[in-house]
Amino acid sequence: MSGTSLDGIDGVLFDAQALVVTGHVHAPFSPALRDELLALNTPGDNELHRAALAANAVARGYADVVAQLLEATGTRRDEVAAIGAHGQTVRHRPGGFDGYTTQLLNGALLAEQAGIDVVCDLRSRDVAAGGQGAPLVPAFHRAVFAAPDADVAALNLGGIGNLSLLFADGRTGGFDCGPANCLMDGWIASHRGLAYDTGGAWAATGQVLPELLTALLAEPFFTLPPPKSTGRDLFHPAWLQARLKPGQRPEDVQATLLELSARTAADALKAQMPQARTLIACGGGARNGALMRRLAELLPGVQVQSSADRGLPVDQVEAAAFAWLAHCFVTHQPGNLPAVTGAAGRRRLGALYPA
Ligand SMILES: Nc1ncnc2c1ncn2[C@@H]1O[C@H](COP(=O)(O)OP(=O)(O)O)[C@@H](O)[C@H]1O
Ligand SMILES: [Mg+2]
């Protein structure tokens, strides 16, 4: 898995029978690859060539992570049924006529280098069936986090935040609720040269700017009904820049962006599952203590937990979800939930590059 935060690659070895992770490796992207992937999120020169090279580089990075995982866990490649490989999203334009979603990854090169079947391009089929192609993790969240006697919600705090609604009666909902880390990461990178605001410490030195918060919350995406998904296509630095006023202190803007992430997630939960008493947070944003505290404050009566409390460390959940989706492909089962993505029906997701 490599998500919109562009922090790098999380690989897990996943036991699909027991639904447990038995190994985890994280490898950061090189600064050059990260910059190029970020640049490819917006139109630019010679994109086809650059995208092909980036897709090769992503495949090599994935192959390295797979090799490290096999080594660290003492696993032979022939013991692994498949690699579920997400690739790097650089465009996400689902919906309507001619929708598409693009995850850069050379699946053929990964299969060649890893010597294991590769299941990739896991979102396109759902988009082809009229769906958003995202989020795809709610079905996995159901498999690992649902309770028989209570409605439970799960919140993935990646570059973008997405909420899964796991109703006790078996229904599953889910949608992207807004930016989680991507705007905060971009702001601290441009003002302090840091990849992210550890623990939300810098945001905590600032004050929320009410006028800015109102301007940010006016974005129509936040009040759209599900199904809905988003990405850097919408929540990019220029989106923020257009809403800033001169004289605003950088730390106050950071505090406001943290508040935006917490507010949009909390408001979405209150709107879609007001009865929830448990919210399980995962993704790197669950390590942002200030963000987690703010979520808990905005959701009185809701126990805000980390997925680690349920035995799945926060950095492993989404990677495990894509391993699980590859398992669905390999066992000829559909992976999408039309109630979540809006697709015309259940579909077997992914394309296979045999070893
Ligand atoms: N200790 C931390 N404090 C604050 N934020 C963190 C911390 N660790 C990770 N993050 C955030 O989590 C992001 C990575 O989360 P991840 O779940 O990998 O997202 P994605 O799926 O978009 O790649 C980082 O870019 C950063 O914003
Ligand atoms: Mg990541």
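Biologist: Where does aspartate 10 lie in this predicted model?

Modeller: Aspartate 10 lies in strand β1.

Biologist: Is aspartate 10 buried or exposed?

Modeller: The cut-off for buried is under 20% relative accessible area. Aspartate 10 has 13%, so it is buried.

Biologist: Leaving aside neighbours within four places in sequence, what is aspartate 10 in contact with?

Modeller: Met1, His24, Val25, His26, Asp315 and Ala319.

Biologist: And how do I read strand β1 as a whole?

Modeller: In a regular strand, side chains alternate between the two faces of the sheet. Here, 7 of the 8 residues of β1 (residues 8-15) are buried, so the strand is largely enclosed by the rest of the structure. Glycine 8 also belongs to β1. Its relative accessible area is 2%, so glycine 8 is buried.

Biologist: Which strand is joined to β1 by bridges?

Modeller: Strand β2 (residues 20-28), through 8 bridges. The two run antiparallel. For leucine 13, the bridge partner in β2 is glycine 23. In the hairpin, 4 residues sit between the strands, and leucine 19 takes a positive phi near 55 degrees.

Biologist: What does UniProt list here as "binding site"?

Modeller: An unreviewed UniProt entry lists Gly3, Thr4, Ser5, Leu6, Asp7, Gly8, Ile9 and Asp10. Of these, Ile9 and Asp10 are included in the lining of the second largest pocket.

Conventions:
Residues numbered from 1 in each chain as written. Chains lettered and ligands numbered in written order. Predicted model: local features only at pLDDT ≥ 70, side-chain atom pairs only at ≥ 80, totals over all residues. Heavy atoms only, no water. Buried < 20%, exposed > 50% of the residue type's maximum accessible area, 1.4 Å probe, protein only. Pairing = 2+ DSSP bridges. UniProt positions renumbered as here; feature names shortened; annotations may be inferred. 1 Å grid on protein atoms, 1.4 Å probe; cavity = no way out; pocket = protein on both sides within 12 Å on 5 of 7 lines; lining within 4 Å. Contact = heavy atoms within 4.5 Å.
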